[in-house]
Amino acid sequence: MTYALIGCGRISPNHIVAAQNNGLEIVAMCDINFACMKDKALKFKLVDKVKYYTDYKEMIEKEKPELVGICTESGKHAEVALYCISHGCHCIIEKPIALSIRDADAIISAAIKYHVKVSACHQNRFNKSIQIIREAVDMNRFGRLFYGTAHIRWCRDHEYYDRASWRGTWEQDGGALMNQCIHNIDLLRWMMGDEIDEVVGMTDRLHHDYIETEDFGIALIRFKNGSYGVIDGTTNVYPKNLEETLYIFGEKGTVKAGGESVNIIEEWQFADILDDPKEVKARFHENPPNIYGYGHTPLYADVINAIKQDRQPYITAMDGKRALELVLAIYKSASEGCSVKLPLTECAATDFIGRF
């Protein structure tokens, strides 16, 4: 299966490795920064194997890849995805899938119209720790779900934002919740039943006065099944990333996934005593080299199989929309000072330009 990568920035190595691990034929790379693109090609021994483009439309028209990885700045995801989809390319879109409800809906509709598979890159769903928790949810081991909490306590310094002018902007990025915290926000919504009644949020820019967006956010969520969610996320932790944790509390079970990126089972207690907590903690423990974890390779494998089997990917475009919708609902609640009912029919990150 032929593959092309659009965007060769910070996250692109994970996509290249995932493509290589799954035996994809990488035919082309595209980035407006040629030096950055060539650097990645050198690093992954692709120099003489791929063609280089600075215009993704030209690349799609000439190379006609079957599968495309979209790793541009967030504000360009929808534009690039819609073009690729309309030319028959299956797509893996880095998070967030888009920066507006309208664009997310357009991607979902286009995928149906052109009969292509689209997956939102929420790769932490493939963490061993997350997979075993999801299995427990599906088996109803928790009984009635009471509430879940997602904590993202990371650090992003001035150097991080200086490396790319689009970071920390409403038009191309969003803030801490949209960029750094959306993975765990996705997991919380997925685990607690997906369907949300209302959201109450507060956001602030406490430390990064050189960006447009929030660096701190908290939210309370009421799910339609009667359970609740709590989110706190920040990029203000000193001096480095501290943790990304997910708690699930139910009538008959308590679970905590921790570590730097929800990659370790730290608490595992169930009334049914189907397994040994010590064994679960030992088996479902990963120590990835960075916060991106090991999830890209199985995500790519699933999308490839979805294409071959003509089924939906494990993580769909709709899943990407749900994560986006929750972040936007928090932004809207914080901006308007009131609770926000879901679903959202219209909302975009650009609605909050000038917020701080």
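In the predicted model, helix 4 and helix 5 run roughly parallel to each other, because their axes cross at roughly 10 degrees, an angle under the limit of 35 degrees. The two helices span residues 77-86 and 101-114, respectively, and their axes come within 9 Å. On the side of helix 4, the contact is formed by Ala78, Ala81, Leu82, Ile85 and Ser86; helix 5 contributes Asp103, Ala106, Ile107, Ala110, Ala111 and Tyr114. Of the residues in this contact, nine are nonpolar, one is polar and one is charged.

The number of disulfides in the model is zero. Cys84 takes part in no disulfide, and the nearest cysteine sulfur, which belongs to Cys91, is 4.8 Å away. This separation is too far for a bond, because a disulfide requires sulfur atoms within 2.5 Å.

Aromatic rings form 14 pairs in the structure. Such a pair is described by the distance between the ring centres and the angle between the ring planes. For Phe126 and Tyr314, the centres lie 5.2 Å apart and the planes stand at 50 degrees, so this pair is classed as tilted. Phe126 is buried at 18% relative accessibility, while Tyr314, at 33%, is partly exposed. A second pair, Tyr147 and Phe249, has ring centres 4.7 Å apart and planes at 25 degrees, so it is stacked. Tyr147 belongs to strand 7 (residues 145-153) and Phe249 to strand 11 (residues 243-250), so the pair ties together parts that are 102 residues apart in sequence. Tyr147 is partly exposed, its relative accessible area being 35%.

Ring pairs also join Phe126 and Tyr314 with Trp190 in a cluster. Trp190 is one of the buried residues of helix 9. This helix, comprising residues 182-191, is mostly covered, with 10 of its 10 residues buried. Among them are the charged residues Asp186 and Arg189, as well as Ile185, Leu187 and Leu188. After helix 9 comes Gly193, which has a positive phi near 110 degrees.

A cis peptide bond with omega of about -5 degrees joins Tyr238 and Pro239, and Pro239 is placed in the loop between strand 10 (228-234) and strand 11. Another cis peptide bond, with omega of about 5 degrees, joins Leu342 and Pro343; Pro343 lies in the segment after strand 14 (340-341).

Lys45 has phi near 55 degrees and is found in the loop between helix 2 (34-43) and strand 3 (51-53). Lys45 counts as exposed, at 67% relative accessibility. For Ile273, phi is positive at about 50 degrees. Ile273 is situated in the loop between strand 13 (264-270) and helix 10 (277-283), and at 68% relative accessibility Ile273 is exposed.

Note on methods: Residues numbered from 1 in each chain as written. Predicted model: local features only at pLDDT ≥ 70, side-chain atom pairs only at ≥ 80, totals over all residues. Heavy atoms only, no water. Axes fitted to C-alpha atoms, helices over the stretch in contact; angles between N-to-C directions. Helix = DSSP H or I, 4+ residues; strand = E, 2+ residues; numbered from the N terminus. Parallel < 35°, antiparallel > 145°, perpendicular 65-115°, else oblique. Contact = heavy atoms within 4.5 Å. Phe/Tyr/Trp six-rings, centres within 6.5 Å; stacked < 30°, edge-to-face > 60°. Buried < 20%, exposed > 50% of the residue type's maximum accessible area, 1.4 Å probe, protein only.
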